[in-house]
Amino acid sequence: MAELEIQNQNLMPKLIDYLAFLLQRVAEANDIKGRFQPQKISVFHGLTKPNISIQSYLERIFKYANCSPCCFVVAYVYLDRFTQCQPSLPINSFNIHRLLITSVMIAAKFMDDMYYNNAYYAKVGGISTTEMNFLEVDFLFGLGFHLNVTPTTFQTYCAYLQKEMLLIQPPPMNLQDSSLFMGRSPKLQYICYNEDESSSLQQQQQLVV
């Protein structure tokens, strides 16, 4: 998948920081929403919120997964697809960690020629191998096994993320200041693009309300 590469490798730490910031804000917003509207429980939900922050967890995955940098963008694409395919399972503080480790692992398997097995990713993620296997299967079915990411889609996500990272220095304290969050309504379930309706880098962001 040589055509799916992040040209500026120096952007990776900043990308990890921004993804963590984005997902943290989305999770917190959906936590508040969940107080007023019941949300479906899935295999990705923990009984309690993990003690490790999303920022530290994502940095841990980045440090130990040793996957190609493009896998984190592809994982982001997968999370976008998952939330659109499973609107009753919004990202929140109880499921984001498992969704992250699963999406990165699947992205690595799909994108990289060499990758670690499920047992290794389970150790990185702090879960059992059995649970990692269940999460992988559930995530794949949740995606409808839609794993292919075209160069156009990849570059669209990269371009948008890079643009947002340049615009937000430092990241805004108010979620509404960021145009790259999962929807403008209180639902906050979707991330970025509906790639089925986009065939060029000029496609405008689709915000689901």
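Guide: Buried means under 20% relative accessible area, exposed over 50%, and partly exposed in between (1.4 Å probe, protein chains only). You are looking at a predicted model, where local features need pLDDT of at least 70, side-chain atom pairs count only at pLDDT 80 or more, and totals for chains, interfaces and linings use all residues. Residues are numbered from 1 along each chain as its sequence is written, and side-chain values use heavy atoms, leaving out hydrogens and water.

Visitor: What span should helix α6 have?

Guide: Helices are DSSP runs (H or I, at least four residues) numbered from the N terminus. The expected span is 1.5 Å times one less than the number of residues. The end C-alpha atoms of α6 (residues 129–143) are 21 Å apart, which agrees with the span its 15 residues should have: 21 Å.

Visitor: Within what arc do the buried residues of α6 fall?

Guide: M132, L135, E136, F139, L140, G142 and L143 are buried in α6. Taking directions from the helix axis to the C-beta atoms, they line one face of the helix, because they fall within an arc of 160°.

Visitor: Which residue forms an aromatic pair with F44?

Guide: Rings of Phe, Tyr and Trp (its six-membered ring) pair if their centres lie within 6.5 Å, with planes under 30 degrees apart stacked, over 60 edge-to-face and the rest tilted. At 6.1 Å centre to centre and 80° between the planes, the pair of F44 is edge-to-face, and the partner is F139.

Visitor: How many residues apart are they?

Guide: F44 sits in the loop between α1 and α2, and F139 in helix α6. Both are buried. The pair links parts of the chain whose separation in residues is 95.

Conventions: Helices (H or I, at least four residues) and strands (E, at least two) are DSSP runs, numbered from the N terminus.
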